[in-house]
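Subject: A structure for you to look at

Hello,

Here is the structure I promised to pass on to you. Please open it beside this message, so that you can follow along.

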Amino acid sequence: MDNSVVSLMLDSFWKILKPGLQMTIPLTLLSFAFALVIATVTALVQEAKIPVLRQLARFYIWVIRGTPLLVQLFVVFYGLPSLGILIEPFPAAVLVFSINEGAYSAETIRAAIESVPRGQLEAGECVGMSWLQTMWRIILPQALRTAFPTLFNSLISMVKDTSLAANITVTEMFMQTQRIVARTYEPLVLYIEVGIIYLLMCTILTKVQAWGEKKLNARGYQRSAA
Amino acid sequence: MTTILKFNDIRKSFGELDVLKGIGLEVNKGDVVAILGPSGSGKTTLLRCLNFLERADSGSIVFDGVQYDAAKATKKEIRALRMKTAFVFQNYNLFANKTAVENVMEGLVTARRVRKEEAKAKALETLEKVGMLDWANHYPIQLSGGQQQRVAIARAIATNPDIIFFDEPTSALDPELTGEVLSVMKTLAQEGMTMLVVTHEMKFARQVATRTVFMENGVIVEEGPTKEVFEHPREKRTQEFINRMEMDDF
Ligand SMILES: Nc1ncnc2c1ncn2[C@@H]1O[C@H](COP(=O)(O)OP(=O)(O)OP(=O)(O)O)[C@@H](O)[C@H]1O
Ligand SMILES: [Mg+2]
């Protein structure tokens, strides 16, 4: 490799990583945390078979899973202002990513809840707990254990998907890279470099996932076999 | 003698299949009632209807002086009834994400708002009673079937229920493990706990049950003091069933 390539990579590394730390990671973590809350509520509403809310939940999942994430970003960021709703780029991105991931994770969590043996709920109700108490304390912890690998995969995907936020002017890693490319005319090197940084982040997350699963197993959680 | 549970004309069908065809019984405080009957006669369904795990189609239940409509009881009524009853399942159903002691505490802390330290003391005391104190911090998957069932019994008695329903508590166990569970149940019986026990253990029924009920095809064929039902059954079908079961015991 010739020297100029190495020095270009070294020079730009921090410039690309900085928005990664300041934007990509907070965007991912915030969005995923909200998504988990949305997903849990959406899954519970369906399990509880609450009439109208249940249909709403199905409708939400149907719409979100049937439309591209990029379209959802554009509707919120470029579309809503014409209704007088203006949202800053970063909050708009958090909003869209949470709602989007919430729909997918809701299905993951619902499937996991249904894989917990029925006897767990019955046993909870027989000791006097309400449906919600049993769900919260007995069923959900077991379901989340089952769903853990799938949810973690979604988190890893989300790290990469946040690059789409560049389209709504969020200065995350990818947009930053584009800017440097515009100045230096070195697309190959720089895009590979940002790719490597995404790869690093995802590799760290994969390690965290393995560690998390080990922890959960040690706590006696077993993945219910259906 | 005071009546603790009385139910009347309980009916339940699953689609076309009439499983319970009008069942009634009166249970006194301190009774240990063995419910016998061939597979598919509706024994499990009956217990589940009494605790509203299954909704009966019709019938009435009087428990601890309060009347419940077996088909239409409200959530609140059902919860009130469950606060004073307990259920021991054939396959234990211990909370998989909780240790033995946490399993026993759950009904106290979450459902009855007992203070944590108090609940823990009570839970350890009940675990000791069923011989599981040394396993208090183990998760269900780390326990044998017999140990799990003893924890399940501890969970059932920790809340001081007025009655415990047992649905074949030993039939998922290897023969060498049934003894430990039956002996715990025997101790409870001696202490005056009211129990309704669906079982295939003839010896246990004979020795421990104060009364025995024989069910077949969704009806009670015969019921009475255990000694009478076993030694002088009025119905031929009861006699045949008991003979067949006791043959199997050898
Ligand atoms: N949820 C259900 N849906 C449909 N049929 C059911 C259901 N539960 C039980 N049954 C049927 O009702 C009948 C009675 O079942 P139940 O489990 O009460 O019998 P049991 O006396 O407990 O039998 P066993 O000794 O085998 O446990 C059976 O024919 C069974 O297949
Ligand atoms: Mg049964």
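Below is what was found in it, taken chain by chain and site by site.

Before anything else, please keep in mind that this is a predicted model.

**Chain A**

Read from the N terminus, its elements run α-α-α-α-α-α-α-α. Along the principal axes, the C-alpha atoms of chain A fill a box of roughly 70 × 50 × 25 Å.

**Where the two chains meet**

Next, have a look at the interface. On one side 24 residues of chain B take part, and they are in contact with 20 residues of chain A. The size of an interface is often given as the accessible area lost when the parts come together. For chain B and chain A that buried area is about 2,000 Å², with 53% of it on carbon and sulfur atoms. Within chain B, the residues that lose the most area to chain A are Arg82(B), Phe95(B) and Asn97(B), and together they make up 26% of what that side buries.

In total, 3 salt bridges are found across the interface of chain B and chain A. There are also 11 residue pairs in polar contact across this interface, counting pairs with both residues at pLDDT 80 or more.

Which elements of chain B give two or more residues to the side that touches chain A? They are helix H2 (75–83), strand S6 (85–88) and helix H3 (100–112). The largest share comes from H3(B), with 5 residues. Sorted by class, this side of chain B has 10 nonpolar, 6 polar and 8 charged residues.

**Around ligand 1**

Now for the ligand. Ligand 1 is surrounded by 13 residues, and the closest are Ser39(B), Gly40(B), Lys43(B), Thr44(B) and Thr45(B).

- Ser39(B) has a side-chain N or O atom 2.6 Å from an oxygen atom of ligand 1.
- Gly40(B) places a backbone N or O atom 2.8 Å from an oxygen atom of ligand 1.
- Glu168(B) has a polar side-chain atom 3.2 Å from an oxygen atom of ligand 1.

How much of ligand 1 does the protein bury? Taken alone, ligand 1 exposes 630 Å², and 61% of that is buried by the protein. Strand S2 (17–28) and helix H1 (43–50) of chain B are the elements that give two or more residues to the shell around ligand 1. H1(B) gives the most, with 3 residues. By class, the shell holds 4 nonpolar, 7 polar and 2 charged residues.

**Salt bridges over the whole structure**

Lastly, a search of the whole structure finds 23 salt bridges over all chains. One of them joins Arg211(B) and Asp31(B), with the closest N and O atoms 3.4 Å apart. This pair links distant parts of the chain, as the two residues are 180 residues apart. Arg211(B) sits in strand S9 (residues 211–216) of chain B, while Asp31(B) sits in the loop between S2 and strand S3 (32–36).

Enjoy exploring, and do write back with any questions.

Best wishes

Technical notes: Residues numbered from 1 in each chain as written. Chains lettered and ligands numbered in written order. Heavy atoms only, no water. Contact = heavy atoms within 4.5 Å. Buried area = accessible area lost by both parts, 1.4 Å probe. Salt bridge = Lys/Arg side-chain N within 4 Å of Asp/Glu carboxyl O. Polar contact = N/O pair within 3.5 Å; in protein donor to acceptor, adjacent residues only side chain to side chain. Helix = DSSP H or I, 4+ residues; strand = E, 2+ residues; numbered from the N terminus. Nonpolar A, V, L, I, M, F, W, Y, C, P; charged D, E, K, R; others polar. Near = heavy atom within 4 Å. Areas by Shrake-Rupley, 256 points an atom, 1.4 Å probe, with all protein chains shown as cover.
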